[in-house]
Amino acid sequence: TAQKQDRFMGETVNYDEDSVPPYVLPPLLKTLKGKTVSNTTTWEKVRRPEIIHLFEENVYGYTPSAFDSIRYRVTNDEPAAMTGRAHLKEVAVSVWNRGKSVTINLVLFTPNKQSRPAPVFLLINNRGKRNTDPTRAVKSEFWPAEMVIDSGFAIAAFHVSDVAPDNKTNYQQGVLDQLFPEQLGRADGMKAIGAWAWAASRVMDYLQTDPAINPKQVAIVGHSRGGKTSLWAGAQDQRFAMVVSSCSGSSGASLARRQYGETISLINKQFGYWFNDNYKKYSHNEAALPVDQHMLLALIAPRPLYTTNAVEDRWADPRGSYLSVVNALPAYQLYDKKLTLPLEMPATNKPVWKSAIGYHYREGKHDLNLYDWTEVVRFAQIQFKTK
Ligand code: GTR
């Protein structure tokens with residue numbers, strides 16, 4: 001039988017459902033002035049901006065909205081890639097601010113089979129660059145480009161290291177020290193996750209200009225730390241028409257107040273450079289956090305949201321992640337009164353798709369694999385009505 005607790009970084013890690021403390025989530029549909037949100041106008045005009053502000057202030061930091069200029073340069077163009085099935089474009093997306101620049105290298109395959117602009121999945125790649133190999137000499141389930149192309153979607157990726165290296169010693173080298181150095185001196189300044197999400201929006205700027213892409217059908221995808229980032233990117237930038245978050249866990253989809261698996265304290269100790277400095281105040285102090293992660297998911301409404309968990313990934317608190325979706329539902333219901341979800345987690349390998357919400361809990365370990373992509377693609381075909 002599975003261990004009910006563990007030790008990590010000098011702390012107890014809870015894996016026992018019976019030891020989850022009682023908690024009260026911050027209200028999703030009540031404004032800071034105490035007004036109940038009962039329609040989409042109040043949600044969009046008042047409550048949604050309030051919640052974004054709370055996440056900026058307390059978790060991920062502020063995202064700068066301005067920069068001087070952006071330029072796109074195609075560095076490789078192969079109209080008959082993947083034995084003719086796809087058009088490969090590698091694009092250098094360069095962003096300039098006060099005389100300095102950062103370049104995000106985008107890999108993009110679009111399907112050749114169809115003539116109309118394609119929907120696209122954009123992966124925030126937080127693993128090895130070989131996972132998104134443009135030559136296709138290396139193929140990986142983390143980014144199964146051939147399968148996605150054959151399903152009628154384009155597939156794209158950029159690597160987080162172009163933007164903010166995923167390391168506490170040099171995460172500053174990129175967007176932060178080159179373009180927005182003032183962020184580094186602020187307790188509410190964005191750090192690595194903020195920078196990665198910002199970069200996803202710059203890639204979105206490019207995708208809006210590519211005639212092979214349907215700009216209204218861009219799905220942002222991320223796994224784990226990338227999944228935390230896809231949620232934050234999708235929450236802020238409503239041009240993302242769908243958000244996919246795989247095994248995002250603590251400070252992603254999972255409810256912090258459950259303190260199950262990775263807690264705020266543990267993530268701050270190991271990965272403090274992902275979040276703003278204010279987030280440190282909530283280590284062992286979850287109840288004081290004015291948000292919980294269901295409010296992040298709610299910011300995606302009414303757009304399609306697909307989240308996943310894996311059985312062997314208790315560190316990411318699968319149940320807390322599903323409960324987060326359930327608690328985000330009232331925001332979706334402002335748009336779709338009939339939408340409901342089962343209160344209990346679905347069985348393993350039995351995806352739940354209800355209107356704009358998709359979720360599955362699959363066998364296996366912490367990963368983004370072919371099972372995940374296959375279900376996500378099928379869900380997207382329905383959402384984007386491409387089938
Ligand atoms: C873990 C971290 C998680 C998750 C994961 C990953 O070590 O504690 O929050 O981000 O890494 O990104 O794979």
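View 1. What covers the buried residues of helix 8 includes helix 1, helix 7, strand 10 (305–310) and strand 12 (357–362), where contact means heavy atoms within 4.5 Å. Helices (H or I, at least four residues) and strands (E, at least two) are DSSP runs, numbered from the N terminus. The model is predicted, so local features need pLDDT of at least 70 and side-chain atom pairs count only at pLDDT 80 or more, while totals for chains, interfaces and linings use all residues. Residues are numbered from 1 along each chain as its sequence is written, and side-chain values use heavy atoms, with hydrogens and water left out. Twelve of the 16 residues of helix 8 are buried, and the helix is mostly covered; buried means under 20% relative accessible area, exposed over 50%, and partly exposed in between (1.4 Å probe, protein chains only). Among the buried residues are Tyr-322, Leu-323, Val-325 and Leu-329.

**View 2. The length and the bend of helix 8.** The 16 residues of helix 8 should span 22 Å at 1.5 Å a residue, and this agrees with its end C-alpha atoms, which are 23 Å apart; the expected span is 1.5 Å times one less than the number of residues. At Asn-327 the helix bends by about 30 degrees, and a proline, Pro-330, follows within four residues. The bend at a residue is the angle between axes fitted to the seven residues ending there and the seven starting there.

**View 3. The salt bridge between Glu-17 and Arg-319.** In this pair the closest N and O atoms are 2.9 Å apart. Glu-17 lies in the loop between strand 2 (11–14) and helix 1 (40–60), whereas Arg-319 belongs to helix 8 (residues 318–333), so that the pair links distant parts of the chain, 302 residues apart. A salt bridge is a side-chain nitrogen of Lys or Arg within 4 Å of a carboxyl oxygen of Asp or Glu. Glu-17 is partly exposed at 32% relative accessibility, and Arg-319 is also partly exposed, with a relative accessible area of 23%. Both residues belong to a network of salt bridges that also links Arg-258, Asp-317 and Glu-344.

**View 4. Two salt bridges between buried residues.** The side chains of Arg-257 and Asp-292 meet in a salt bridge (3.0 Å, N to O). Arg-257 lies in the loop between strand 9 (242–246) and helix 6 (264–271) and Asp-292 in the loop between helix 6 and helix 7 (293–298), so the pair ties together parts that are 35 residues apart in sequence. Both Arg-257 and Asp-292 are buried. Arg-136 forms a salt bridge with Glu-146, with the closest N and O atoms 2.8 Å apart, and both of these residues are buried.
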